[in-house]
Amino acid sequence: MAKLQSLDPHTPMFAQFKEKTGPIVLANTFLVPKERTEAFLALFQRQAVFMKAQPGFVSLQMHQGTADSQLLMNVAVWESTEALATAFGSPEFQRMAAEFPDDIVSYPHIFEQIDV
């Protein structure tokens, strides 16, 4: 299973699930060894198909770092933290998440839009 790390040590993603808000954006940056990128993307595609069918899902985009970077970033929009938490906690999603190799690191964080 991929190793989960918090971008903000004071507010890990699982603590963010308790905040009832929405719409929200899940930004999840992955550090993926070059030799695992193709397999990672194939597994991620399976997860994306599952997530797109879940209640509260809005959209998803995957981005790859430039200049031979090993970073990939998923940006997903959900109607609420509750919808994301329900989908994330489902047994089917957890089985797929367990398939990621241990040398992949995931940095998920939940955001909400602010006016500037």
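## Ser 80 and Thr 81

Ser 80 sits in the loop that runs between β4 and α3 of this predicted model. With a relative accessible area of 19%, Ser 80 is buried, because the cut-off for that class is under 20%. Apart from its neighbours within four places in sequence, Ser 80 makes contact with Thr 21, Gly 22 and Ile 24.

Thr 81 belongs to helix α3. Its relative accessibility is 1%, and Thr 81 therefore counts as buried. When residues up to four places away in sequence are set aside, Thr 81 touches Gln 16, Phe 17, Glu 19, Lys 20, Thr 21, Ile 24 and Ile 110. A further distance can be given for Thr 81 and Phe 111: the two are 30 residues apart in sequence, and their C-alpha atoms are 9.7 Å apart in space.

## Backbone features in two loops

The peptide bond leading from Gly 22 to Pro 23 is cis, and its omega is near 0°. Pro 23 is located in the loop between α1 and β2. Gly 22 is also one of the residues in contact with Ser 80.

The loop between β3 and β4 contains Ala 67 and also Asp 68. Ala 67 is not a glycine, yet it has a positive phi of about 60°. Asp 68, likewise not a glycine, has a positive phi of about 65°. Ala 67 has a relative accessible area of 75% and is exposed. Asp 68 is exposed as well, with a relative accessible area of 63%. Both assignments follow because exposed means over 50% relative accessible area.

## The chain as a whole

The chain contains four helices and five strands. Followed along the sequence, these elements give the pattern β-α-β-α-β-β-α-α-β. Of the contacts between residues at least 6 apart in sequence, 76% join residues that are at least 24 apart.

The radius of gyration of the chain is 14 Å; a compact globule of 116 residues would have a value near 13 Å, so the chain agrees with that expectation. Along the principal axes, the C-alpha atoms fill a box of roughly 40 × 35 × 25 Å. Buried residues account for 39% of the 116 residues. The accessible surface of the chain is about 7000 Å², and carbon and sulfur atoms hold 56% of it.

## The largest pocket

The volume of the largest pocket is about 360 Å³. Its lining is formed by 25 residues, and those that lie nearest the centre are Asn 28, Phe 30, Gln 47, Phe 88 and Phe 93. Sorted by class, the lining consists of 20 nonpolar residues and five polar residues, with no charged residues.

Several parts of the chain contribute to this lining. The helices α1 (13–16), α2 (37–52), α3 (81–89) and α4 (91–97) each supply at least two residues, as do the strands β2 (24–31), β3 (57–64), β4 (71–78) and β5 (105–111). The most is given by α2, with four residues. Helix α3, one of the contributors to the lining, is also the element in which Thr 81 is found.

Technical notes:
Residues are numbered from 1 along each chain as its sequence is written. This is a predicted model: local features need pLDDT of at least 70, side-chain atom pairs count only at pLDDT 80 or more; totals for chains, interfaces and linings use all residues. Side-chain values use heavy atoms; hydrogens and water are left out. On a 1 Å grid over the protein atoms alone, a cavity is a set of points where a 1.4 Å probe fits but cannot get out, and a pocket is an open set with protein on both sides within 12 Å along at least five of seven lines; lining residues have an atom within 4 Å of a point. Grid points are joined across faces, edges and corners, and a volume is the space filled by probe spheres set on the points. Ala, Val, Leu, Ile, Met, Phe, Trp, Tyr, Cys and Pro count as nonpolar, Asp, Glu, Lys and Arg as charged, and the others, Gly among them, as polar. The radius of gyration is taken over C-alpha atoms; the globule rule is 2.2 Å times the number of residues to the power 0.38. Buried means under 20% relative accessible area, exposed over 50%, partly exposed in between (1.4 Å probe, protein chains only). Contact means heavy atoms within 4.5 Å. Accessible areas come from the Shrake-Rupley method with a 1.4 Å probe; for residues, only the protein chains shown count as cover.
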